[in-house]
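Here are a few notes on the model you sent over. Have it open while you read.

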Amino acid sequence: MMGRSSKNTNRSTRTGGRCAATLSLLLSVVTCLAQMPWHVEGTTTVGFYATSCPNAETIIQQEVQSRFNSDPTISAGLLRMFFHDCFVQGCDASILIDPTPGNTPEKQSGPNLTLRGFDLIDAIKSKLEAECPGIVSCADIIAVATRDAVALAGGPSYQVKTGRFDGRRSKSSDANILPSPDSDVDQASSAFASQGLSLNDLVVLLGAHTTGFAHCGFFSDRLYNFQGTGQPDPTMNPPLVSRLKGICPNPASGSSTDPTVSLDQGTRDTFDSSYYSQLQKHNGILRIDQVLQDDPRTSPLVSRFTDAGAFFTSFISSITTLGDLNVKSAQTGEVRLDCRRINPITHTPPTTRPTSPPITPQPPVSGVPPVTPRKPPSPPPLRKGPRIPLPLPPFRPHFPPMRRGERRHHRPHHTIRIPFDPFP
Ligand code: HEM
């Protein structure tokens, strides 16, 4: 957004001083927007890979379908991963980064320890790298895979804008902004507002709890010792309390087991509006689920979303908003080559060079003096030099010049860094 705005600004100044006041106002607005945590910086568009990697979305869809066939709960895993990625530092695949000696990444923070589906993202990425190396970002893979997973689970089909770049930062401490399952509406909505998400987005997106599980550790206080009372949470349906007590150990017992239960006590693996009907029956599992029914600001929304049509329409809108959070651009991100690692930006010269093929001596031809093959000059000895940045390859467009009015959606090739660091 900033890049495009400053280009616009340049255009305005060319029109002369008459626009100075307007320009100043515009700059203030742009600066203000840029400081908001949720502003969309990169540009995304539906069909971004249509030219640069036409099969990208089909490959993702096939991989998700194949995983879903053996494990329908993968839809929940991907949905939660998408939320946890976008909410922290924007939708930039920072959630996928593995720990390194100097860095504890987001995936090692408390709320992220039970995320799942990383192996599926790896499988998709390796297929895409084989098809079009260095083109499809990991952030887009999560977004498209989530879209496909929702549809496979029975949820709405929707279009996903692509063109996100991957972030180069992933810190465990950044994930502290994820709301706690014990939040009330005030706490959760202010966490959402800090990312530019509304109260409506909160209620709609929590509808993702129509799929998947929760570990007992996230809610067992509601069964045994709600807010230090020594009693169950009075807003939980008593038969549900009894049933869950049969599954979840009392934390006071010191048990080390942490079983899981369905977040939606109606239909676990189906993306439908049953979550909201269950809240009306006081069958919400997490406190944040049940408070939606009990808070007068959100209970009318719960009621509205018991209608699947209304829920699906709003879900498409809110998940699109979520997917737009803090999108990285070519200037602030990269296309990661391995979703678990930030691309290396340094390069050491090779310690060996490929040698020329040996010269085979030819039989002498009569009358012609034999030619003594010349030894190829030995290469100068290589020293392990300092790690120097690899110069960016020259930009070579793969396409004929654009015609006026034509739009293309491919990544500028000069943003792709070296394919791998062969000499780490
Ligand atoms: C206030 C906001 C939220 C809180 C406090 C919250 C909290 C939680 C917790 C504690 C779990 C259980 C995780 C486990 O035991 O492994 C969970 C599961 C889940 N959450 Fe949320 N969540 C929130 C919003 C969302 C949103 C916005 C989405 C998606 C758009 C989402 C999708 C899911 C899904 C699908 C699961 C099931 C995961 C699985 O089966 O692996 N959640 N959530």
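Which domains give residues to the shell around the ligand, and where does the ligand lie relative to them?

1. Domain 1 (45-175) and domain 2 (179-322) both contribute to that shell, so the ligand sits between them. The bounds are from an automatic or database domain assignment. Bear in mind that this is a predicted model: local features need pLDDT of at least 70, side-chain atom pairs count only at pLDDT 80 or more, and totals for chains, interfaces and linings use all residues. Residues are numbered from 1 along each chain as its sequence is written.

2. The ligand has 26 residues around it, with T114, L205, A208, G212 and H215 the closest (near means a C-beta atom, placed from the backbone, within 6 Å). By class they split into 15 nonpolar, nine polar and two charged (Ala, Val, Leu, Ile, Met, Phe, Trp, Tyr, Cys and Pro are nonpolar, Asp, Glu, Lys and Arg charged, the others, Gly among them, polar).

3. Helix α4 (74-87) and strand β3 (213-215) each supply at least two shell residues, and α4 has the largest share, five. Helices (H or I, at least four residues) and strands (E, at least two) are DSSP runs, numbered from the N terminus.

4. Now for α5: L120, I121, I124, K125 and L128 are buried (20 or more other C-beta atoms within 10 Å of the residue's own; exposed is 12 or fewer, partly exposed in between; C-beta atoms placed from the backbone). Down the axis of α5 these fall within an arc of 135°, so they line one face (the arc takes directions from the helix axis to the C-beta atoms). On the other side of α5, D119 and A130 are exposed.
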